[in-house]
Amino acid sequence: MPFYWLCPGWAILLFLQTVYLGLAAIPMYLIARHLFQQHRVAMLFTIGFMLVPPIVSQNVNQVEEPSFLLVFLLAAFYFFVTERFGWFLAFAFLACLGRENVSLAVVMFGIYALLLRRHWKWVVTPVVLGGVYFWLALFVLIPSFRPGVEWHAVRMFSHLGDNPKAIVLNCLTNPALVIRHMTGGDNLSYVLTLVQPVGWVLPFFSGAALLALPDLAINTLSNNGALKVIPWHYNVITGSFLFIGAMYSLRKLADRVRPRCGGQPEVVLAVVLTALCAAHWFLWFSPRCYVALPYHATLERALARVPADKSLVAPLRLQVHIGNREHYQNTGIFASAPEYAAQFEYVLLDANERQYMPVITREFFEQFRRNPNYQLIFAEQNVFVFQRLGGESDWKVLPPR
């Protein structure tokens, strides 16, 4: 918040996202150094972690919470493995504040502690902290800010029910449905692609991978395909703890082969895992995304025709460029809230756009061209700007909640 106040705009958000991802390397290095007791090996594993597709992809992804909370969750894991209870609780709580599903990963600390036969406080406290916060987020915090509106994630599990209680009940009473869905073709492909950069089965030989399971279960149980896209933010926590699980498994493997081979097998294993992560660059890096559109200059000229202090409806692709305006929206608002949309002073239509909905059809365009309340002020390469006539808007009509 203070950084954005000093330098408002999309650039600072993208910059801070990469800064926070970089900060996550610090607890990862500490975890690896604690595990292997070697600086060189810890550095190699840290480099490998920063190249895991679900992690490195966030540097070029849209701005989302997981990139900012990862450093706190990894710090909690470091203080968990070093058995520093107070610091563990502090960072676990901070991680929960980033996103409601993180509290489920915190619960898994308690299950992991049970496997490690830790003192009861390590088992009970994370379960209570994570469980209470998850309940608080779903039934108190979110409804207080969006009264009368269902938790948005419910729509991602519509095949199981229309509210959280029904979804949980259906999962418990109809396990066949759950298993059938989670083992579907798209889920199998998703899981295989997710674990491939971290050594396929390697993560699952360590209890550390337990922290990846809540998000992995959510993603495979959902009927929303977006959760199964490797380079999107839904896989940050899963990818992180699958990597940590693989790292713990390689530590066991190194201890086994050292008496036979001698030397430092952990160095070789760290290089192999890092190379495996780097080799999957194609899962997140697409060169065509960094090639300017043929009509890039036209879009710039179109935006320049709209005064900076005026309200504007523009395609989803351009939202980041108009985000500093007091009132802005994407063109889909005309279908979802037409009365609200009619208050905007300018409308920019890009009839070339085919990546993001809604596609600007001729019928949609004609709604403005034939409307006496709008005047066409820019038309070039299928990019159009309309100005609404009739003066300022009082913004009494608000969009639906």
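Which two side chains does a polar contact of 3.5 Å join?

## Ser-67 and its surroundings

In this predicted model, the side chains joined by that polar contact of 3.5 Å are those of Ser-67 and Gln-17. Ser-67 belongs to helix α6, and, because its relative accessible area is 0%, Ser-67 counts as buried.

## Leu-73 in helix α6

Helix α6 also holds Leu-73, which is counted as buried because its relative accessibility is 0%. When residues up to four places away in sequence are not counted, Leu-73 touches Ala-95, Val-102, Phe-109, Ile-237 and Phe-241. Between Leu-73 and Ile-167 there are 27 Å in space, C-alpha to C-alpha, and the two are 94 residues apart in sequence.

## The nonpolar cores

The largest nonpolar core has 69 residues, and the members that touch the most others within this core are Phe-45, Phe-77 and Phe-243. Helix α6, which covers residues 66-81, contributes the largest share of this core, namely twelve residues. Another core, of 18 residues, lies apart from it, and includes Ala-341, Ala-351, Phe-365 and Phe-368.

Turning to Phe-45, and again not counting residues up to four places away in sequence, this residue touches Ala-32, Phe-36, Phe-243, Met-247, Leu-250, Glu-266, Ala-270 and Leu-273.

Technical notes:
Residues are numbered from 1 along each chain as its sequence is written. This is a predicted model: local features need pLDDT of at least 70, side-chain atom pairs count only at pLDDT 80 or more; totals for chains, interfaces and linings use all residues. Side-chain values use heavy atoms; hydrogens and water are left out. A nonpolar core is a set of buried Ala, Val, Leu, Ile, Met, Phe, Trp, Tyr and Cys residues joined through side-chain atoms within 4.5 Å. Buried means under 20% relative accessible area, exposed over 50%, partly exposed in between (1.4 Å probe, protein chains only). Helices (H or I, at least four residues) and strands (E, at least two) are DSSP runs, numbered from the N terminus. Contact means heavy atoms within 4.5 Å. A polar contact is a pair of N or O atoms within 3.5 Å; within protein, one must be able to donate a hydrogen and the other to accept it, and residues adjacent in sequence count only if both atoms are side-chain atoms.
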